[in-house]
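Let's take a friendly walk through this structure, from its charged pairs to its sheets and its aromatic rings. Keep the 3D view open as you read.

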Amino acid sequence: MTDPDRSTRQAGATDAVLTLPGPMPDGPGGVTLGLDIGGTVLKSALVAPDGTVRYESRCSTRAQDGPDAVLRTVLDHAAETLAKARAEGEDVRAVGIASCGLVDEDAGTVVFSASIQWRDLPLRRLASEHLGLPVALGHDVRSGGLAEARLGAGRGHRVVLFVPVGTGVGGALLLDGKPFPGSHWRSAEVGHVVTRPDGDPCPCGQRGCLDTLAGGVAVARRYNERRGTLPPVSGAEEVAKRAAAGDPAAVRVWEEAADAMAQTLLTAVTLFDPAVLVLGGGLSQAGEQLRAPLRRGLERRAAFQALPDLVFARLGERVGGLGAGLRAWSLVRASDGLGTGGGVPGSGLTRSGPRPYAGTARPSRTPVSAADPALTGRPAPADRVCPRRGGCGGNGHVHSSGRGGPGLEAVDRVRFPQPGSPSSKGAPTMDHPVSGTGPAGAEAPRPTAAPDRRLVEGRTIDAVPEDERHGRPRDLFAVWFAANISPLTIVSGTIAPLVFGLGLWPAIAAVTLGNLLGGFLMALHAAQGPRLGVPQMIQSRGQFGSHGSLLVTLVVVFMYAGWFASNLVIAGQALHRSVPAVDISAWLVLCGLAGLVVAIVGYDLIHRVGRWATVLTLSLLALCAVRVLLTPGVLERAMNATGFTVSGFVGMTAIGILLQITYAPYVSDYTRYMPAHAASRRSTLWFTYWGSVLGSVLPMFLGIVMGIAVADDAIAGLDTVLGGTLSAVVLCSFAVIVVHVNSMNLYGTSLCLITAAQTFRHRWLPGRPARTALIAAPLALGLTLALAFQDTFLASYTDFLAILQYVLIPWTAINLVDFYLVRRGHYDVPSFFAPGGGVYGRVNGPAVLVYAVSFALEVPFMHTSAYTGPVAGALGGIDLSWAVGLLIPSVAYWLIARRRTAAVPHGTTAAAPAPALPQEGS
């Protein structure tokens, strides 16, 4: 994307004499005086015809003394500089002035400048009368862009977009070396493009302008807000330094600023098609620290756009004075009869350029897929009119203007040949960006130039950018309701009477209490997804380090395999009862393969199946409940069951808690595509909570009744109670639910395996073929377990739950305390993927130690069929290990992490923000 020679230049590193190629023997002689009026500093330069700066100086504008003082300072400083120049024998031919604020260059008036409080000031006339020379007046940013286009980084290009990033974000469009001011002198105001419609108010009267996210003042303010009561920083330059040193809050603010800039600049690229985008201003001094994330953001969003070269300004702080001097030379050439190059008389500007503007032509290389629905003109759903807000695939699309950026109200409707059509060989092609160079010489990611709307999901463990977030939090209710109303949950309910000997009401109370408590912990994990946009096991690196989190990641792989096998066994038994001609093993394989297909397609299909399955499960549950309660003797036997033991009640409560917490390692995998704003996070929490809790307790209630009534096999009992055709329909329908649940298990397992592998190959991210293979591998493991334990399922399942409890509860305690109480949701996401774990390191010793000690403290409280700890034995078999595993690590980790955070408020590991992961061919 970037010229290799330019990529090595540092912003503002030019102090050498700047010249145009060769002398201009037929041009005018002498020099011009260029004045650059900023909010606090006035700079001046004597500019020769070839662009050489003969003399430069600066002084304070005295803005604190009022607008009249600023005017006197400008005029006096200009007169003093002219006197010095003439004393040295210089022939000063004209004066150019570049002023901050809104400038009417035709009238020669500063319409308004907030920083120096000028309003309707006829500066060109006043300066010309005071100095006795012709004066050209222009806007400071357009003047700077003029200098960069003619003498600096934009030289040689027809279309240049100049973007200085300082106190705010400015913009200037240069066509054939001349500024394009627009009809009202307001063109290219990129700093006031609305990037976040619900964002902070901007002084311009809008909300969420780019200035409120990426301007220097905004960057410093947002960083100070994140730090709370800690001493504030004075400016964005300090934030940049702290981000480079690995301060998580600074990294986050810096990345958000760069991402907002990328989003806005892609709109500018779409409208103007520049050949080069020149970054200037004070924040461009950050160099690659700014350019790398900006480049990634542009490449990630680009669809049909040909991305410009992204380079740094070469002229440094003298750019405004040079531009003003060049404007003055336009006046001189006009008065000498040499012409101004088609500009507006007296200013050196052009409104439309010397020839019609057609953008920057680029060679086409990559064929456009005509099969992409974004390009075929077929109707799209109302809320998906454009495949990506801020960039579109083409035909028949109008940009929406919700979150993610301003809408483009019209896009050329280009017809693309259909696959297999006679004209398909001549399909339009697009020039996609190529990879560049990342921080510290690291290879930059291969760009995903267009929004990925293919059937099969393309993302795996990489962070989901804001512009790809979609979905409604209320859909999560359906996903988790359907995931829980399964035959396995019914069987879980039978544990209360069959294993713990509880009667109806104690069992219902224990199940309800356990699910309510565990569900809230699980939902707290769900809310992390929209905030960070990464899978839960990747986020776990923030607590344990890149290698320290491996143990939990591998345990979760084992957990997935166990859940997958458990669901398969129940589904196989149910289907075999409905269709005895097919044995259980065959049904296990068929159900497993069906789940594999859904998991391969990925996130969106899993959500859709969840919505469909919710309707089905509600109908089935109501039907089963009515039929069971109307069966003679069932309700009576259930009501008469009064068994109760404290150990049984605590044990069943623990199972309810655990059934919810086992979702914790992957619940955020299904929320990471949700919008990141606070309202979405709150909705995500509560819709997930109630979907999972209600989806669990209702079938478990049915399982309790069936366990009491039939005192053996819940599935066999349902078959008997429902009877005949109704039983076959219900049991076969359960298979659909199992497919949904097991697709989630396979999907989550693949993410865990990728996470484990990426720990050692930090630049690796699989494409679709590799991801498919990683989903198929746990399918084989799950099938093996299901076939091996199908005859001793209930005993094996109970011990399986106990093992998960001992391992997962300490992890969830540490994770939630770290996210909500220690870091308050602020993480350095690039460090999750960085070599050596970035700011979190390979192993976070205190977290691993707390986890290990907590697990050891659980051992005396454990109670399983194979082992009973001394404390559990003394308590009559009551297993309180879950309480120990929740309370001990919560308190211990909070005390340790809080003290370490107070001692070291910023990350101790120096690491530049890591580039996004390169993705294998898909």
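E238 counts as partly exposed, because its relative accessibility is 29%. Please bear in mind that this is a predicted model. E238 makes a salt bridge with R242, and the closest N and O atoms are 3.0 Å apart. Both residues belong to helix 7 (residues 236-244), where they sit four residues apart, about one turn of the helix.

## Salt bridges between separate elements

Across the whole structure, a search finds 23 salt bridges. One of them joins R54 to E90, with 3.3 Å between the closest N and O atoms. R54 is in strand 3 (residues 53-60), while E90 is in the loop between helix 2 (67-87) and strand 4 (92-99), so this pair ties together parts that are 36 residues apart in sequence. How accessible are the two partners? R54 counts as partly exposed at 45% relative accessibility, and E90 counts as partly exposed at 22%.

Another salt bridge brings together the side chains of R222 and E256, at 2.6 Å from N to O. Here too the pair links distant parts of the chain: R222 lies in helix 6 (residues 216-227) and E256 in helix 8 (residues 248-272), 34 residues apart. R222 has a relative accessibility of 16%, so it counts as buried; the cut-off for buried is under 20%. Elsewhere, a network of salt bridges links R196, D259, R300 and R301.

Which strand order does the open sheet of five strands have? Its order is 11-10-9-12-13, and the pairing is mixed. Strand 11 (178-179) and strand 13 (309-312) stand at the edges with a single partner strand each, so one side of each has no neighbour in the sheet. Strand 12 (residues 276-280) and strand 13 run parallel and are joined by four bridges. Within this pairing, V278 stands opposite V311 of strand 13.

Two helices to look for here are helix 8 and helix 9. Helix 8 lies across strand 9 (159-164), strand 10 (172-175) and strand 12, and it runs at about 155° to strand 9. Helix 9 (residues 288-301) packs on the sheet and touches strand 12 and strand 13, its direction making about 165° with that of strand 13.

## Strand 4 and its neighbours

Strand 1 (residues 31-37) pairs with strand 4 in the parallel sense, over six bridges. As an example, D36 has A98 in strand 4 as its bridge partner.

Strand 4 is also joined to strand 8 (residues 135-139), by five bridges, and these two strands run parallel. Here I97 has L137 in strand 8 as its bridge partner.

## An enclosed helix

Helix 18 (residues 550-578) has 29 residues. From its first C-alpha to its last it reaches 42 Å, close to the 42 Å expected at 1.5 Å a residue. Is this helix enclosed or open? Of its 29 residues, 24 are buried, so helix 18 is largely enclosed by the rest of the structure.

## Aromatic pairs

The structure holds 13 aromatic pairs. In one of them, the ring centres of F520 and Y689 are 6.1 Å apart and the planes stand at 85°, so the pair is edge-to-face. This pair links distant parts of the chain, with F520 in helix 14 (residues 504-526) and Y689 in helix 23 (residues 678-710), 169 residues apart. F520 is partly exposed, with a relative accessible area of 33%, whereas Y689 counts as buried at 7% relative accessibility.

F544 and Y851 form an edge-to-face pair as well, because their planes are at 90°, with ring centres 6.1 Å apart. F544 is in helix 17 (residues 541-544) and Y851 in helix 29 (residues 845-858), so the pair ties together parts that are 307 residues apart in sequence. F544 counts as buried at 2% relative accessibility, and Y851 is buried with a relative accessible area of 8%. To finish the tour, find F819, Y820, Y827, F832 and Y840, which form one aromatic cluster.

Technical notes
Residues numbered from 1 in each chain as written. Predicted model: local features only at pLDDT ≥ 70, side-chain atom pairs only at ≥ 80, totals over all residues. Heavy atoms only, no water. Phe/Tyr/Trp six-rings, centres within 6.5 Å; stacked < 30°, edge-to-face > 60°. Buried < 20%, exposed > 50% of the residue type's maximum accessible area, 1.4 Å probe, protein only. Salt bridge = Lys/Arg side-chain N within 4 Å of Asp/Glu carboxyl O. Expected span 1.5 Å × (residues − 1). Pairing = 2+ DSSP bridges. Contact = heavy atoms within 4.5 Å. Axes fitted to C-alpha atoms, helices over the stretch in contact; angles between N-to-C directions.
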